[in-house]
Amino acid sequence: MIRGIILSLFSITFLLWIEQSVDVTYIWKTAAKVTLFLLVPLLLFRKMGFPFFRLVQTDRKSMLIAIGSGVAIMGIIFAAFIILQPFIDIAALLVDLASAGITTTTFPFIALYILFGNSMLEEFYFRGLLPNLVGKSRIRFILPSFLFAIYHISIFLPWFSSALLILAVTGLWVGGVIFQLANEKSGTILPSWTIHMCADIGVLLIGVYIMYFY
C-alpha cells in the first residue's frame, strides 16, 4: 500500500510538473504518462497478476449499468458546457492546445488516442492498480479518485477560473468514486472504462465544436 501511494504521488507530481512547467508537445507528455502509468507499474507490480485487467470476466449486468451511466454522464457534460460556456476562457484553451501541438489537423488522431488509449491508461492506473494496492479498505474509493481529480488540475488550470476549477475537480472526484463502484461486482475495470469512454466522447464532441466551429 505504501509503495503504491508513494509511486502515485511521485507520478502525479512529475506529470503535473511536465504539464505546467516544461514546454513540450502532447506526444512527449503522452510518452511520460505511458511510462509512469503503465510501464513502471507493469515492472514493479508484475507479481500481482493484474486481475482487474481480465476483462472477459465482466458480468453483463455491470456492463448494462455502465452503458446507461455513461450515456447519462455524456448528457451531463453537454449540459454543463452549455451552462458554463460564458465562464470558460475558450481563447486561452485554444492557445494552450495549439502550444501542445493539438491543431485542426492533429485533433482527429489525438481524439482517437484519448478515447481508447488515454482512457485505458487512466483506468488501469486509478481504477485498477491503485485500488488493488490499497486493498479492501474503503480508502480504495476515496484516495485513487482524489488523486485522479488532482491529476486533472494540470489540464484545467489554464482554462477555468478558481471557482470552476474547484467545481471540476470535485466533479471528477465524485465521478471517480462512481467509476470505482461500477467495477465492484465484476472486479474488472471494463465497466468504469466504458463510462470513461462515454464521458470522453462527450468532451471530444465539445472539442470538435471548439476546434472547428467556434
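Residues are numbered from 1 along each chain as its sequence is written, and side-chain values use heavy atoms, with hydrogens and water left out. Because the model is predicted, local features need pLDDT of at least 70 and side-chain atom pairs count only at pLDDT 80 or more, while totals for chains, interfaces and linings use all residues.

Visitor: How many aromatic pairs does the count come to?
Guide: Rings of Phe, Tyr and Trp (its six-membered ring) pair if their centres lie within 6.5 Å; planes under 30 degrees apart count as stacked, over 60 as edge-to-face and the rest as tilted. By this rule, the count comes to 17 aromatic pairs.

Visitor: What kind of pair do Phe-14 and Trp-17 form?
Guide: Both residues lie in helix H1 (residues 2-21), three residues apart, about one turn of the helix; helices here are DSSP runs (H or I, at least four residues), numbered from the N terminus. The ring centres of Phe-14 and Trp-17 are 5.7 Å apart and the planes stand at 40 degrees, so the pair is tilted.

Visitor: Is Trp-17 buried, exposed or partly exposed, and what is its relative accessibility?
Guide: Buried means under 20% relative accessible area, exposed over 50%, and partly exposed in between (1.4 Å probe, protein chains only). Phe-14, the partner of Trp-17 in the tilted pair, is partly exposed at 32%. Trp-17 also counts as partly exposed, because its relative accessibility is 46%.

Visitor: How many residues apart in sequence are the parts that the pair of Phe-107 and Tyr-212 ties together?
Guide: Phe-107 and Tyr-212 form an edge-to-face pair, with 6.1 Å from centre to centre and 75 degrees between the planes. Phe-107 lies in helix H5 (residues 107-134) and Tyr-212 in helix H9 (residues 190-213), so the parts that this pair ties together are apart in sequence by 105 residues.

Visitor: Which residue has its charged end over the ring of Phe-148?
Guide: Phe-148 belongs to one aromatic cluster together with Phe-37, Tyr-125, Phe-126 and Tyr-151. A charge sits over a ring if NZ of Lys or CZ of Arg is within 6 Å of the ring centre and within 35 degrees of the ring normal. Over the ring of Phe-148, 4.2 Å from its centre, sits the charged end of Arg-127.

Visitor: Against which helices do the buried residues of H2 pack?
Guide: Among the buried residues of H2 are Tyr-26, Lys-29 and Phe-37. Phe-37 touches, among others, Ser-11, Leu-121 and Tyr-151, not counting residues up to four places away in sequence, where contact means heavy atoms within 4.5 Å. The buried residues of H2 pack against H1, H5 and H6.

Visitor: At which residue does H2 bend?
Guide: H2 has 19 residues and reaches 26 Å from its first C-alpha to its last, close to the 27 Å expected at 1.5 Å a residue; the expected span is 1.5 Å times one less than the number of residues. The bend at a residue is the angle between axes fitted to the seven residues ending there and the seven starting there. For H2 this angle is about 35 degrees, and the residue is Thr-35.

Visitor: What is the relative accessibility of Lys-29?
Guide: Lys-29 is found in helix H2, and, leaving aside its neighbours within four places in sequence, Lys-29 is in contact with Ile-18, Glu-19, Val-24 and Ala-100. Lys-29 counts as buried, because its relative accessibility is 13%.

Visitor: What is the phi of Phe-50?
Guide: The place of Phe-50 is in the loop between H2 and H3, and Phe-50 counts as buried at 11% relative accessibility. Although Phe-50 is not a glycine, its phi is positive, at about 50 degrees.

Notes
Helix = DSSP H or I, 4+ residues; strand = E, 2+ residues; numbered from the N terminus.
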